[in-house]
Amino acid sequence: MGKIRPMNETEFYKKLLALPDGANDVYYHGKRYLLRKETLLSGKLLKVYAEKLESNDIVSGNYYPSMKNGMLKPCEMSDEKVIHFVLNCIII
């Protein structure tokens, strides 16, 4: 079995860091979302929350880069949904 890479060494983490703090309009799967990102506690917590406009779909999670070399805690959804959103959203 291969060694699992720490989350802080993944494209997900790089893209999450690159997203600007504050509110941003983004496209994901051709649909428009309002994405809010906050960097808190001197970078020890990254919060993302996105709402699909004209729908009730949301993407929400907290990322802790200093815990276990990166730990994602999604809010009532799968890790995969948050990761896929961050990797594939495009800022308008």
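Glu11, Phe12, Lys15 and Leu16 of helix 1 are in contact with Val82, Ile83, Val86, Leu87 and Asn88 of helix 2, where contact means heavy atoms within 4.5 Å. By class, the residues of this contact are six nonpolar, one polar and two charged; Ala, Val, Leu, Ile, Met, Phe, Trp, Tyr, Cys and Pro count as nonpolar, Asp, Glu, Lys and Arg as charged, and the others, Gly among them, as polar. The model is predicted, so local features need pLDDT of at least 70 and side-chain atom pairs count only at pLDDT 80 or more, while totals for chains, interfaces and linings use all residues. Residues are numbered from 1 along each chain as its sequence is written, and side-chain values use heavy atoms, with hydrogens and water left out.

Helices (H or I, at least four residues) and strands (E, at least two) are DSSP runs, numbered from the N terminus. Two packed helices are described by the angle between their axes and the distance between the axes. Here the axes of helix 1 and helix 2 (residues 79-88) are 9 Å apart, at an angle of about 60 degrees. Axes are lines fitted to C-alpha atoms, for helices over the stretch in contact, and angles run from 0 to 180 degrees between N-to-C directions. The two helices are therefore oblique to each other: angles under 35 degrees count as roughly parallel, over 145 as roughly antiparallel, 65 to 115 as roughly perpendicular and the rest as oblique. Their crossing is left-handed, that is, the near helix is turned anticlockwise from the far one by less than a right angle (clockwise would be right-handed).

Helix 1 (residues 11-18) also lies across strands 2, 3, 4 and 5, at about 80 degrees to strand 3. These strands belong to an open sheet of six, ordered 5-4-3-2-1-6, with antiparallel pairing. Strand 5 (71-74) and strand 6 (90-91) are the edge strands, each pairing on one side only. Two strands pair if DSSP finds at least two bridges between them.

Strand 1 (residues 22-28) is joined to strand 2 (residues 31-40) by seven bridges, with alanine 23 opposite arginine 36. Eight bridges connect strand 2 to strand 3, and there lysine 37 has valine 48 as its bridge partner. The hairpin of strands 2 and 3 has four residues between them, and leucine 41 in the turn has a positive phi of about 55 degrees.

Strands 3 and 4 share six bridges, one of them between alanine 50 and valine 59. Five residues separate the two strands in their hairpin, where glutamate 54 has a positive phi of about 65 degrees. Strand 4 meets strand 5 through four bridges, and tyrosine 64 is partnered with methionine 71. Their hairpin has six residues between the strands, with lysine 68 in the turn at a positive phi of about 50 degrees.

The ring centres of phenylalanine 12 and tyrosine 63 are 5.6 Å apart and the planes stand at 75 degrees, so the pair is edge-to-face. Rings of Phe, Tyr and Trp (its six-membered ring) pair if their centres lie within 6.5 Å; planes under 30 degrees apart count as stacked, over 60 as edge-to-face and the rest as tilted. By this rule there are five aromatic pairs.
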